[in-house]
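Reader: I am new to this structure and would like a close look at a single part. Please take the pockets and the charged contacts around the helices, and go through them in order.

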Amino acid sequence: MDLVDWRERINQVDRRILDLLSERVGYVLNLAPLKRQEGIPIHEPRREAQVLDNIKAQNRGPLNNEAVCRIFKAVMTEMRAVQAEQNKIENDGDTENETDS
């Protein structure tokens with residue numbers, strides 16, 4: 001295999017990662033209303049620690065646990081941002097509905 005072949009394989013993996021991130025966002029968006037109903041905040045440090053512990057337990061390398069945790073912390077930060085944006089959109093929608101009635 002040459003450079004182009006290896007880069008294409010990397011591109012394919014990147015697309016799969018993107019698909020998985022999109023799938024994760026879908027789950028987060030479905031979970032967000034349940035969290036609001038239960039009064040659970042967007043940022044849950046204990047839950048995030050559990051996620052990191054689970055990831056470290058599953059990590060078989062070649063990335064070390066610190067690298068994997070940095071990646072997943074970035075993912076969770078973005079997921080919190082998605083949740084916050086969804087909450088804002090839904091709260092703005094609630095305000096608009098109240099003024100329409």
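**Pockets and charged contacts**

Author: In this predicted model, Arg 9 sits over the face of Trp 6, and the distance to the ring centre is 5.6 Å.

The largest pocket has a volume of about 410 Å³. Its lining is made up of 14 residues, and those nearest the centre are Ile 17, Leu 20, Ile 71, Phe 72 and Val 75. Of the elements, α1 gives the most, with five residues. Sorted by class, the lining of the largest pocket has eleven nonpolar residues, two polar and one charged.

The second largest pocket holds about 350 Å³ of space. It is lined by 15 residues, with Arg 24, Val 28, Leu 31, Arg 47 and Gln 83 nearest its centre. Here α1, α2 (45–58) and α3 each supply at least two lining residues. Again α1 gives the most, with five residues. The classes in the lining of the second largest pocket are eight nonpolar, one polar and six charged.

Now the charged contacts. In the whole structure, a search finds six salt bridges. One of them joins Arg 36 to Glu 90, with the closest N and O atoms 2.0 Å apart. Arg 36 belongs to helix α1 and Glu 90 to helix α3, so this pair ties together parts that are 54 residues apart in sequence. Arg 36 is partly exposed, at a relative accessible area of 30%. Glu 90 also counts as partly exposed, at 26% relative accessibility.

Another salt bridge is formed by Glu 48 and Arg 80, whose closest N and O atoms are 2.5 Å apart. Since Glu 48 lies in helix α2 and Arg 80 in helix α3, the pair ties together parts that are 32 residues apart in sequence. Glu 48 is buried, because its relative accessible area is 16% and buried means under 20%.

A further salt bridge lies within one helix. The side chains of Lys 88 and Asp 92 meet at 3.2 Å, N to O. These two residues are four apart in helix α3, so about one helical turn separates them. Lys 88 is partly exposed, with a relative accessible area of 47%, and Asp 92 counts as partly exposed at 37% relative accessibility.

Note on methods: Residues are numbered from 1 along each chain as its sequence is written. This is a predicted model: local features need pLDDT of at least 70, side-chain atom pairs count only at pLDDT 80 or more; totals for chains, interfaces and linings use all residues. Side-chain values use heavy atoms; hydrogens and water are left out. A charge sits over a ring if NZ of Lys or CZ of Arg is within 6 Å of the ring centre and within 35 degrees of the ring normal. On a 1 Å grid over the protein atoms alone, a cavity is a set of points where a 1.4 Å probe fits but cannot get out, and a pocket is an open set with protein on both sides within 12 Å along at least five of seven lines; lining residues have an atom within 4 Å of a point. Grid points are joined across faces, edges and corners, and a volume is the space filled by probe spheres set on the points. Ala, Val, Leu, Ile, Met, Phe, Trp, Tyr, Cys and Pro count as nonpolar, Asp, Glu, Lys and Arg as charged, and the others, Gly among them, as polar. A salt bridge is a side-chain nitrogen of Lys or Arg within 4 Å of a carboxyl oxygen of Asp or Glu. Buried means under 20% relative accessible area, exposed over 50%, partly exposed in between (1.4 Å probe, protein chains only).
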